[in-house]
Structure formats: C-alpha cells, structure tokens
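Here's a quick tour for anyone opening this structure for the first time. Have a look at the sequence and the model, then follow the notes below.

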Amino acid sequence: MTSVVQLLRTDALAPAPYAYAATAPSTSRLVFLAGACPLNSDGTTVAHDDYAEQARVCLDNLELALAAAEAQLTDVVNTRILVASSDRNDLVAVWEVVSERFGGHDAPATLIGVAVLGYPHQLVEIEAVAAVM
C-alpha cells in the first residue's frame, strides 16, 4: 500500500535525521494514537532498566495499534517520543531504535526527556499521528 504522507525537507534549516514537516491530503483519514507503552500483553512493564528494549516494545505496540486502524509505520505523519531521563545518552539510545525501525520513512519527530511516565518502571512512550485513505 502506498502512503499518502509526504515528508518535506529544506536546505534552509540545519540537517536533521528526520524530515522537518509532513503533509497528507485533506481527504485523508487521520489516526491519532495514544502513547505506545512498553507493556506486555498482561499489562506488565518490560525491561525495567533498558531504554532501547522499552523503545522496541513501544514500537511493536505502536505497530499493532496502527494495524488495528489499517495503517503502518509509513503512514505516520509525526511522532512524539517521551523518555524518562535527563541523560542525553538515554534519549539517543531510544532515538537510535526509533530511527532504525522507521528506516527511510523519517517522519517529523520530537524527542523529549521527562521526569516520569505513567506505568511503574516505564522509561519510554511513543505517540504518533498517521494518515490513510
């Protein structure tokens, strides 16, 4: 399936490992996803001390939510990645997992260090908006 999302870049801004903007036709159906969390199917938090593994599980769960909306990662318009840490290395570790999973579909993203997230031992949460026809 071909994505309706168009990623936009400009030489007027500093180089970045993601597109600065994205568009979707006005006829698209927008899919607003709740933050994907690093939870097993029984609701327990995985990998209590592992930022990268929590990011992988968040992305697995994000892909399941997208599939329920008949969408996939290439339909994502933008993401917000929350990392419970003030250490830039932890944010980078999460970003590397996200960047690898999205591959060439480097949708606009915001990576944010936060004080705490909602579930016990939760270190990562990933929100997204997608567009499909």
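Let's start with Glu53, which counts as partly exposed at 30% relative accessibility. Its partner is Arg56, and the two side chains meet in a salt bridge, at 3.4 Å from N to O. Keep in mind that this is a predicted model. In it, the structure holds five salt bridges, and there is also one cavity of 30 Å³ or more to look at.

- Glu53 and Arg56 both sit in helix H1, which covers residues 51-68.
- They are three residues apart, and that is about one turn of the helix.
- Arg56 is partly exposed too, with a relative accessible area of 37%.

**A salt bridge between two helices**

- Glu63 pairs up with Arg101 in another salt bridge, where the closest N and O atoms are 2.6 Å apart.
- This pair links distant parts of the chain, since Glu63 belongs to helix H1 and Arg101 to helix H2, 38 residues apart.
- Glu63 is partly exposed, with a relative accessible area of 33%, and Arg101 is partly exposed as well, at 27%.
- Asp60 comes into the picture here: salt bridges that share partners join Asp60, Glu63 and Arg101 into one network.

- Arg9 forms a salt bridge with Asp106, and their closest N and O atoms are 2.2 Å apart.
- Arg9 lies in the loop between strand E1 (6-8) and strand E2 (21-23), while Asp106 lies in the loop between helix H2 (88-102) and strand E5 (109-114), so this pair ties together parts that are 97 residues apart in sequence.
- As background, side chains of opposite charge can pair when their charged atoms come close.

**The cavity**

- How much space lies in the largest cavity? The answer is about 80 Å³.
- Asp106 turns up again here, as one of the residues that line the largest cavity.
- The lining also includes Pro17 and Tyr18, along with Thr79, Trp95, Val98, Ser99 and Phe102.
- Gly103, His105, Ala107 and Ala109 are among the lining residues too.
- Which element gives the most to this lining? That would be H2, with four residues.
- By type, the lining residues divide into seven nonpolar, four polar and one charged.

**The whole chain**

- The protein chain has two helices and six strands.
- Along the principal axes, the C-alpha atoms fill a box of roughly 40 × 35 × 20 Å.
- Of the 133 residues in the chain, 43% count as buried.
- What share of the contacts between residues at least 6 apart in sequence join residues at least 24 apart? For this protein chain, the share is 75%.

Terms used: Residues are numbered from 1 along each chain as its sequence is written. This is a predicted model: local features need pLDDT of at least 70, side-chain atom pairs count only at pLDDT 80 or more; totals for chains, interfaces and linings use all residues. Side-chain values use heavy atoms; hydrogens and water are left out. A salt bridge is a side-chain nitrogen of Lys or Arg within 4 Å of a carboxyl oxygen of Asp or Glu. Buried means under 20% relative accessible area, exposed over 50%, partly exposed in between (1.4 Å probe, protein chains only). On a 1 Å grid over the protein atoms alone, a cavity is a set of points where a 1.4 Å probe fits but cannot get out, and a pocket is an open set with protein on both sides within 12 Å along at least five of seven lines; lining residues have an atom within 4 Å of a point. Grid points are joined across faces, edges and corners, and a volume is the space filled by probe spheres set on the points. Ala, Val, Leu, Ile, Met, Phe, Trp, Tyr, Cys and Pro count as nonpolar, Asp, Glu, Lys and Arg as charged, and the others, Gly among them, as polar. Contact means heavy atoms within 4.5 Å.
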